[in-house]
Amino acid sequence: MLNKLKLDSTAEKNIKTWLKGRYDQTVKDEIQQLIDAGNTNQLTDSFYKNLEFGTGGLRGELGVGSNRMNKYTVGAATQGLANYLNKCFAGEEIKVAIAYDSRNFSPEFGQIAADILSANGITVYLYKALRPTPQLSFTVRELGCQSGIVITASHNPREYNGYKVYWVDGSQVVAPHDKNIVSEVNAITNVKDIKFKGVKKRIKMIGEVLDKKYLKAVKSIAVSPRIIKKQKDLKIVYSSIHGTGITMVPPALAQLGFENVTIVQEQATPDGNFPTVIYPNPEEKEAMSLALKKAQEIDADLVIATDPDADRVGMGVKNPEGEWQLLNGNQAASLIIFYLLKAWKSAGKLTGNEFVCKTIVTTDLIDAMAEKAGVKCYNTLTGFKYIAQVIRELEGKQTFIGGGEESYGYLIGDKVRDKDAIASCAMIAELTAYAKHKGISLFDFLADMYKTFGFYYEGLISVTKKGKTGAEEIQQMMTDFRNNPPKTLAGSKVIKMDDLGLLKRTNLKTGEVTEIESGKMGMEASNVLQFFTEDGTKFTCRPSGTEPKIKFYIGVKDKLKNKNEFEATLEKLKLKVAKIGQELNLN
């Protein structure tokens, strides 16, 4: 029957391997049912390749097959990691912490990973129940682990799950460990090589003690506890969107002193099917709709919501017309840094030895604010592991205040080394309390920031090009921009080009070329191009590393004279972004 289906040769080979190998009978039965039903499409998609263990780990749809998230793909990833850890730390007691989110099969995958690590002589600290990703990062550091694992697919649709690996400092793995782990995982070619039978005495269950320590760390980032005390009745609406945030955000806010937190009950129960949303993503208005509705009902001061593993946070503010609107990632990151710099200065904590950090595609408003405050701003490649790398390299030399990226991930303080929506919710609540203490709304606070430093706006144009032909088209687009840089953008002359693939910076006025330092401070060779104009416009081209897409980031700015011109100025900047997109034929 299998031969009659005319499957891809790799898919057919993988199917035969699974039918003959040491796989559970239930798995073999499920494969046979697909064969008997003649379900060629599902068989092909499930088996045409091995689910790739990339530099960040695994992510894929749940189900049987070599290209799915299941016991065996998680098993191979964990066995490869165990092999690498045993090579790196030979002769030491190796410790690994494991956490998991609310997705379907997350607890099971967490237990499978724990069993395999323990079978390889490794001590495992496994959370008894779901916990946020940032708490795992904290736990790796707190328990002196060499590595950590989180079972999560972040804000992907319900059909997905994933597997992320962390290193000794609590950050996601970076070079050379990322590629070395990938090599070890790829070397697991036979299910017989995976040690599934766990050693119970090496698995230690953790929970409440680490919760208290993590919450204490979150509380320590507060800069203005006196103002929080005065604004303890601040009306906050919070949704965990069926994820892990429910375990830590409410107690974190309560611990800081906020007494008027309304939880969106329809989304409070952890559920991997995410029944009230299409995508469990706080970037999407649809996912935030219940929280916004509740905020309207109770006339709230703030709306916040976290994604399933609670490393990203979305927020809503009320505009002057009394309507609730969501802030994008650049706006939220800027507000957090705006407040932190102001609060640190007021508290006398700025000594000239502090820094903030962001990615190169995140708003340059943060650079402008840091410069005026006498604080260094470091820019890294896209990905929070690079921000963590900067924190690691400057540890003991400079003090990290905070940072973030445009994709709704922020970090305050250095106790955690990944995006932390728990700490971010706490800080967003604090800055909202500060604004209310000053007699202004959160929207007014945002407008004050733009009036002081300029109105920055960032647009994103994402172009999908599927398949082999699409990949070639994306590469050709990069080649064209590299060889023929745009002369102007919306009428402003392009004066500088950064080619991060070649690690070269070109002054387009003089032709002078300088090297961009690689190998540290969150920078290495990456297929990214950036162009800068005389009026401060920034244009970035970046092919996606995980999807068949090329992304174009366009940052523009203008002056904001008063808050009454907010909407008009925003519309003007949006039109400028659209014009640049048309000029460059990006659509």
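Reading charge patches and cysteines

Me: Is R226 buried or exposed?
Reply: Exposed means over 50% relative accessible area, buried under 20%, and partly exposed in between (1.4 Å probe, protein chains only). R226 is exposed, with a relative accessible area of 54%. This is a predicted model, where local features need pLDDT of at least 70, side-chain atom pairs count only at pLDDT 80 or more, and totals for chains, interfaces and linings use all residues. Residues are numbered from 1 along each chain as its sequence is written, and side-chain values use heavy atoms, without hydrogens and water.

Me: Which residues form the positive surface patch?
Reply: A patch is made of residues with over 30% relative accessible area and no salt bridge, like charges being joined within 9 Å. A salt bridge is a side-chain nitrogen of Lys or Arg within 4 Å of a carboxyl oxygen of Asp or Glu. Here R226, K230, K342, K345, K372 and K438 form the positive patch. Helices α9 (225–230) and α12 (329–346) each give two or more residues to the positive patch, and R226 sits in α9.

Me: Which residues form the negative patch?
Reply: E321, E323, E567 and E571 form the negative patch. E321 lies in the loop between β10 (313–318) and β11 (324–326), and counts as exposed at 59% relative accessibility.

Me: How many disulfides does the structure hold?
Reply: A disulfide is a covalent bond between the sulfur atoms of two cysteines. The test is a pair of cysteine sulfur atoms within 2.5 Å. The structure holds zero disulfides. For C377, the nearest cysteine sulfur is that of C357, 6.9 Å away.

Me: Is C377 buried or exposed?
Reply: C377 counts as buried at 13% relative accessibility. C541 is buried too, at 0%.

Methods: Patches are made of residues with over 30% relative accessible area and no salt bridge: like charges are joined within 9 Å, nonpolar side chains (Val, Leu, Ile, Met, Phe, Trp, Tyr) within 5 Å. Accessible areas come from the Shrake-Rupley method with a 1.4 Å probe; for residues, only the protein chains shown count as cover. Lys and Arg count as positive and Asp and Glu as negative; His and the chain ends are not counted. The place of a charge is taken as NZ of Lys, CZ of Arg, CG of Asp or CD of Glu. Helices (H or I, at least four residues) and strands (E, at least two) are DSSP runs, numbered from the N terminus.
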